[in-house]
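Here is a brief report on one chain. Read it with the sequence and the coordinates in view.

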Amino acid sequence: MPEIKREVRPIEVNYVCDACGRGMMSPSGDMDADTGDIEHHCLICDHQQTFQWRAYPRIDHIGLDEKT
Ligand SMILES: [Zn+2]
């Protein structure tokens, strides 16, 4: 495979709290290396939620012609 390059832009991906609908979720600790679980909590109401193999907020990269 030859090397290919394309221009991308960074986007921030946040997760809005399912409980209050206003706060952003933030990691409470490190990922569990066995299960991939990452504890999060809401910055406003402290609602707890676990995400697997993904943390918020995070930065993704998408092509310039892609929609978010
Ligand atoms: Zn909340």
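Among contacts in the chain between residues at least 6 apart in sequence, 46% join residues at least 24 apart. Two residues are in contact if their C-beta atoms, placed from the backbone, lie within 7 Å. This is a predicted model: local features need pLDDT of at least 70, side-chain atom pairs count only at pLDDT 80 or more, and totals for chains, interfaces and linings use all residues. Residues are numbered from 1 along each chain as its sequence is written.

**Overall dimensions**

The chain has a radius of gyration of 15 Å, whereas a compact globule of 68 residues would have one near 11 Å. That radius is taken over C-alpha atoms, and the globule rule is 2.2 Å times the number of residues to the power 0.38. Along the principal axes, the C-alpha atoms fill a box of roughly 45 × 30 × 15 Å. Of the 68 residues, 7% count as buried. A residue is buried if 20 or more other C-beta atoms lie within 10 Å of its own, exposed if 12 or fewer, and partly exposed in between, with C-beta atoms placed from the backbone.

**Strands and sheet**

The chain has zero helices and five strands. Helices (H or I, at least four residues) and strands (E, at least two) are DSSP runs, numbered from the N terminus. In sequence order the pattern is β-β-β-β-β.

Three of the strands make an open sheet in the order β2-β3-β4, with antiparallel pairing. Its edge strands are β2 (25-27) and β4 (48-52), each of which pairs on one side only. On average, neighbouring strands of this sheet are turned by 40 degrees against each other, direction ignored. The axes behind this angle are lines fitted to C-alpha atoms, for helices over the stretch in contact, and angles run from 0 to 180 degrees between N-to-C directions. Two strands pair if DSSP finds at least two bridges between them.

β2 and β3 (residues 37-42) run antiparallel and are joined by three bridges. β3 and β4 are also antiparallel, with five bridges. Away from these, β1 and β5 (residues 58-63) pair in the antiparallel sense over six bridges. How many residues of β1 (residues 8-13) are buried? The number is zero of six, so the strand lies largely in the open.

| Residue | Opposite residue | Strand of the opposite residue |
|---|---|---|
| Valine 8 | Glycine 63 | β5 |
| Methionine 25 | Cysteine 42 | β3 |
| Serine 26 | Histidine 41 | β3 |
| Isoleucine 38 | Phenylalanine 51 | β4 |

**Phenylalanine 51**

Phenylalanine 51 sits in strand β4. It counts as partly exposed, because it has 16 C-beta neighbours inside 10 Å. Which residues does phenylalanine 51 contact, leaving aside its neighbours within four places in sequence? They are Ile38, His40 and Tyr56. Aspartate 37 is 14 residues from phenylalanine 51 in sequence, yet their C-alpha atoms are 5.7 Å apart in space.

**Turns and loops**

β3 and β4 form a hairpin with five residues between them. Aspartate 46 lies in this loop between β3 and β4. Its phi is near 70 degrees, a positive value in a residue other than glycine. Aspartate 46 counts as exposed because it has 12 C-beta neighbours inside 10 Å.

The loop between β4 and β5 holds tryptophan 53. Tryptophan 53 also has a positive phi, about 60 degrees, although it is not a glycine. With 9 C-beta neighbours inside 10 Å, tryptophan 53 therefore counts as exposed.

Proline 57 is in the loop between β4 and β5 as well. The peptide bond from tyrosine 56 to proline 57 is cis, with omega near -10 degrees. Tyrosine 56 is one of the contacts of phenylalanine 51.
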